[in-house]
Amino acid sequence: MLPFSTYNIPDTTTNETVQSTNRLIFVLNEVLSDQQFDLLRKISAALKTDFDKDVLVHILKKDSNQSLSEFIVPSTELIISFGIAPSGLGLWIDLTTSGIRFLEEFSFILANAISDLEKNANAKKTLWSHMQLFMEMRTQPYA
């Protein structure tokens with residue numbers, strides 16, 4: 001008979017694995033000012049998400065093509081990209097100007113850069129209309 005090591009693994013009632021909810025992901029390519037951070041909090045509230053629990057703010061490094069696939073989890077419902085085309089995020093989505101796409105796993109909104117949103121009322125209205133469309137589609141029962 002071969003010698004085997006026996007290990008005693010104690011039972012625990014605590015969960016050591018952190019479950020990421022990331023229902024909403026904001027993608028930016030600029031460091032945020034306090035005003036811009038407040039704007040993201042307002043957008044989050046309008047989408048009925050808890051900023052501290054359900055939102056991931058991801059700031060891309062300059063001249064970097066990073067894939068968002070490592071941040072997308074099963075609970076991800078919406079990604080809002082501020083001025084970064086989907087191709088720059090490793091996503092194959094046909095969207096070159098501000099707009100919204102509904103995909104199988106999540107929805108994607110391409111908005112103007114956050115610094116442009118602060119100055120441009122029309123860009124804010126466009127983002128708001130895309131957010132409203134997302135909220136309407138989210139509450140629709142499946143056909």
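One cavity of 30 Å³ or more: that is what this structure holds. Keep in mind that this is a predicted model. The largest cavity has a volume of about 40 Å³.

Which residues line the largest cavity? Arg23, Leu24, Leu47, Thr49, Glu77, Leu78, Phe134 and Arg138. By class, that lining has four nonpolar, one polar and three charged residues.

Take Leu47 from that list. Leave aside its neighbours within four places in sequence. Leu47 is then in contact with Leu24, Leu78, Ile80, Met131, Phe134, Met135 and Arg138. Leu24, Leu78, Phe134 and Arg138 are also in the cavity lining.

Now Leu24, and its strand. Leu24 belongs to strand β1, residues 24-28. Is β1 covered or open? Mostly covered: five of its five residues are buried. Leu24, Phe26 and Leu28 point one way from the strand. Ile25 and Val27 point the other way. In a regular strand the side chains alternate between the two faces of the sheet.

What does β1 pair with? Strand β2, residues 55-59, is joined to β1 by five bridges, and the two run parallel. Leu28 has Ile59 as its bridge partner in β2. Strand β3, residues 78-82, is joined to β1 by four bridges, again parallel. There, Val27 stands opposite Ser81.

On to the packing. The largest nonpolar core has 23 residues. Which of them touch the most other members? Phe26, Leu40, Ile43, Leu47, Ile80, Phe82 and Leu127. Two or more residues each come from β1, α1, β3, β5 (107-111), α3 (114-119) and α4 (121-139). Helix α4 gives the largest share, five residues.

Last stop, helix α1, residues 34-46. Gln36 is found in this helix. Is Gln36 buried or exposed? Buried, because its relative accessible area is 6% and the cut-off is under 20%. Again, set aside neighbours within four places in sequence. Gln36 is in contact with Glu30, Val31, Ile114, Ser115 and Glu118. Ile114, Ser115 and Glu118 fall within α3, residues 114-119.

To recap. One cavity of 30 Å³ or more. A β1 strand with five of five residues buried, bridged in parallel to β2 and to β3. A largest nonpolar core of 23 residues, with its largest share from α4. And a buried Gln36 in α1.

Note on methods. Residues are numbered from 1 along each chain as its sequence is written. This is a predicted model: local features need pLDDT of at least 70, side-chain atom pairs count only at pLDDT 80 or more; totals for chains, interfaces and linings use all residues. Side-chain values use heavy atoms; hydrogens and water are left out. Buried means under 20% relative accessible area, exposed over 50%, partly exposed in between (1.4 Å probe, protein chains only). Two strands pair if DSSP finds at least two bridges between them. On a 1 Å grid over the protein atoms alone, a cavity is a set of points where a 1.4 Å probe fits but cannot get out, and a pocket is an open set with protein on both sides within 12 Å along at least five of seven lines; lining residues have an atom within 4 Å of a point. Grid points are joined across faces, edges and corners, and a volume is the space filled by probe spheres set on the points. Ala, Val, Leu, Ile, Met, Phe, Trp, Tyr, Cys and Pro count as nonpolar, Asp, Glu, Lys and Arg as charged, and the others, Gly among them, as polar. Contact means heavy atoms within 4.5 Å. A nonpolar core is a set of buried Ala, Val, Leu, Ile, Met, Phe, Trp, Tyr and Cys residues joined through side-chain atoms within 4.5 Å.
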